[in-house]
Amino acid sequence: NKTAMDALEQGSTVKPFLIAAAMQEGVVTPETEYDCEKGKWKLRNVTIRDTSVHGVLPAKDIVKVSSNIGIAKIGLELGTSRYHQYLSRLGFGGKTGLPLAGENKGIVHPAKQWSDVDLAAAAFGQSFSATLLQMAQAYLCLANDGVKKNLRLVLSADEENSAEPERIFSSEVMGEVREMLRSVVEDTGGTGRRARIDGLVVGGKTGTAQKASGDAYGEGRVASFVGMVPVEEPRYLVVVMFDEPEKNQYGGVVAAPIFKNVALHAMAYHGLLPESTPA
């Protein structure tokens, strides 16, 4: 089962966790501004690039346009120790516990081994690896108003009442993060516009990550989209990933339409679509 076995660097779908942690710790607000350096910024001996040119942006728009530079600067303010703790609490670096053979824990190096370049890269989803299951588990926390719940293949009454769930983020922070995810899909300039569903309010995040090849990055890419609908009170969470797509490498182009198709049919199956929305 590749969702359990394949651990890859996830790219920009990680950004909401970084900004949620920074807001939870009081480092940033949605309106805090950062200079995105017109798309090119040098940190020590590494150049960080954005796919589009932006100047000064508020944090909420850094997520919407998916600026690597902006989110890296927020990550540097948050610091390695705090970010690493949030990643661990969300389940990265550990197994989800689902009964799937060969589940991979991914790779999250100890915080003491991170340089500031590692921290900046981890802010936009590089330098650590995760499985699709881990991404689903972490996004479930965002969809569940900041409370972490374990993934289940089948939910029984005993499991539902067994353990006290852990609150990682406040309801206020989660409302602000989900508003950012909404803007990714619904607002002009958002990278996830192809995930829009008429009559419903969708939230999500696009991702495009380089694949590691030995000690460097190769030509391969991972394109992904994680979305929830309706974003105000999520009913469905859908995680889509393409491993080395051929025709286009961007998650907003190849993965977001798959989310739309799956979410649309799931909502239709359960009779949750507005009357004006085609099934």
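Is His54 buried or exposed? Select His54 and let's find out: His54 is buried, with a relative accessible area of 18%, where buried means under 20%, exposed over 50% and partly exposed in between, using a 1.4 Å probe and protein chains only.

Before moving on, know that this is a predicted model, where local features need pLDDT of at least 70, side-chain atom pairs count only at pLDDT 80 or more, and totals for chains, interfaces and linings use all residues. Residues are numbered from 1 along each chain as its sequence is written, and side-chain values use heavy atoms, leaving out hydrogens and water.

Stay with His54, in the loop between strands E3 and E4 (56-58). Strands (E, at least two residues) and helices (H or I, at least four) are DSSP runs, numbered from the N terminus. Now show the neighbours: beyond those within four places in sequence, His54 is in contact (heavy atoms within 4.5 Å) with Cys36, Glu37, Lys38, Gly39 and Val65.

Next, select strand E2, residues 40-43. Trp41 and Leu43 lie on its covered face, Lys40 and Lys42 on the uncovered one. In a regular strand, side chains alternate between the two faces of the sheet.

Look for Leu43 opposite Val46. In this hairpin, with 2 residues between the strands, Arg44 has a positive phi near 55 degrees.

Last stop: Glu246, in the loop between strand E9 (236-243) and helix H10 (251-254). Glu246 is exposed, with a relative accessible area of 81%.

Conventions. Two strands pair if DSSP finds at least two bridges between them.
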